[in-house]
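Please have the sequence and the 3D structure open while reading.

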Amino acid sequence: MADSRPGRWLKLGRYAANDAAMPVQTKRGCSFGCIYCCYPLLEGREWRLREPEWVAAQMREAALAGMRGVEFVDSVFNFPADHTVECMEVIAKTQSRWSRPWLSTFEGNPVATSPELIDAMNAAKFSAVGVTAESGSEAMLDALGKGFTTDHLSRAREDLRRLRARKIWVFMLGGPGETEATIRETASFLKSLPRGDVAQVTYEVRVLPRTELRRRLVEEKEVAEGDELVDPTFYWSPRVMGLRGRCVAFPWDMSIISLSRASLGERL
Ligand code: SF4
């Protein structure tokens, strides 16, 4: 029987008309502690996991609504890893029953790639994945509170070679403690990526309310106590002040490198 809830079908219809992917969350929450990020503040720090069957049902619904793609918009797509593998396995088992939308995500975390995850994503026929590496420098990963190391990055790079999907690596320059040396470490990691992988490098870090980054900047009197950061405010490490805008000149030997500002706005 047709679903008579107008909001639901109007929403699906809009996505279909735009030929866009339907966003699906397999979970809510994030237990990581990246100093600049508001996800744990918005969704909570505890993982709340959807049943894999529910996730597969969303794909079926997207396909029946005529959508060509599903994008997983979890805070972190592949963590907790067991749950992600289970979701991919159920999708792989059930997707032959409908015309398959393409699958993608932009939130692959290097902390939890594994051969099992890659097998499950290949079976579910993933088409694209983003890996939020942020930096190739051990010191910067630590300073940003990423919860993984350059060893995780190297392992993810090797695991992902077997993934039959397009890969985009995401980096962010200019966080607290960034120096010319740490930028060069990131450049060196970029050069080690397999040919055909794509990297997107943004520079400057958006300062968001209630984050650890904001707390520190208030302590250092860089941000006023009462400033609720309604106007976009960005951080750029004073230790590389002279490099601002010059990073585009690094001779990274990648097939495509896209450099973009996080967005325009007032900067510190
Ligand atoms: S950047 Fe990603 S992993 Fe880090 S706190 Fe935000 S959502 Fe979690």
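Arginine 215 has a relative accessibility of 41% and counts as partly exposed, whereas glutamate 219, at 56%, counts as exposed. Here buried means under 20% relative accessible area, exposed over 50% and partly exposed in between, with a 1.4 Å probe and protein chains only. The model is predicted: local features need pLDDT of at least 70 and side-chain atom pairs pLDDT 80 or more, while totals for chains, interfaces and linings use all residues. Residues are numbered from 1 along each chain as its sequence is written, and side-chain values use heavy atoms, leaving out hydrogens and water.

The side chains of arginine 215 and glutamate 219 form a salt bridge of 2.8 Å, N to O. A salt bridge is a side-chain nitrogen of Lys or Arg within 4 Å of a carboxyl oxygen of Asp or Glu. Both residues lie in helix α9 (residues 212–219), four residues apart, about one turn of the helix. Helices (H or I, at least four residues) and strands (E, at least two) are DSSP runs, numbered from the N terminus. A network of salt bridges links Glu212, Arg215, Arg216 and Glu219.

## Other salt bridges

The count comes to nine salt bridges. One of them joins arginine 162 to aspartate 119, with the closest N and O atoms 2.9 Å apart. Arginine 162 is in the loop between α7 (150–160) and β7 (166–173) and aspartate 119 is in helix α5, so this pair ties together parts 43 residues apart in sequence.

Within helix α8 (residues 180–192), glutamate 180 and arginine 184 are four residues apart, and their side chains meet in a salt bridge of 3.2 Å, N to O.

## The ligand

The ligand sits in the largest pocket, meaning that more than half of its atoms lie within 2 Å of the pocket's grid points. On a 1 Å grid over the protein atoms alone, a pocket is an open set of points with protein on both sides within 12 Å along at least five of seven lines; a cavity is a set where a 1.4 Å probe fits but cannot get out, and lining residues have an atom within 4 Å of a point.

Residues around the ligand (a heavy atom within 4 Å) include Cys30, Phe32, Tyr36 and Lys146.

## The largest cavity

Thirteen residues line the largest cavity, and Asn78, Gly108, Thr113, Val129 and Leu160 lie nearest its centre. Both α5 (115–123) and β6 (126–134) supply at least two residues of this lining.
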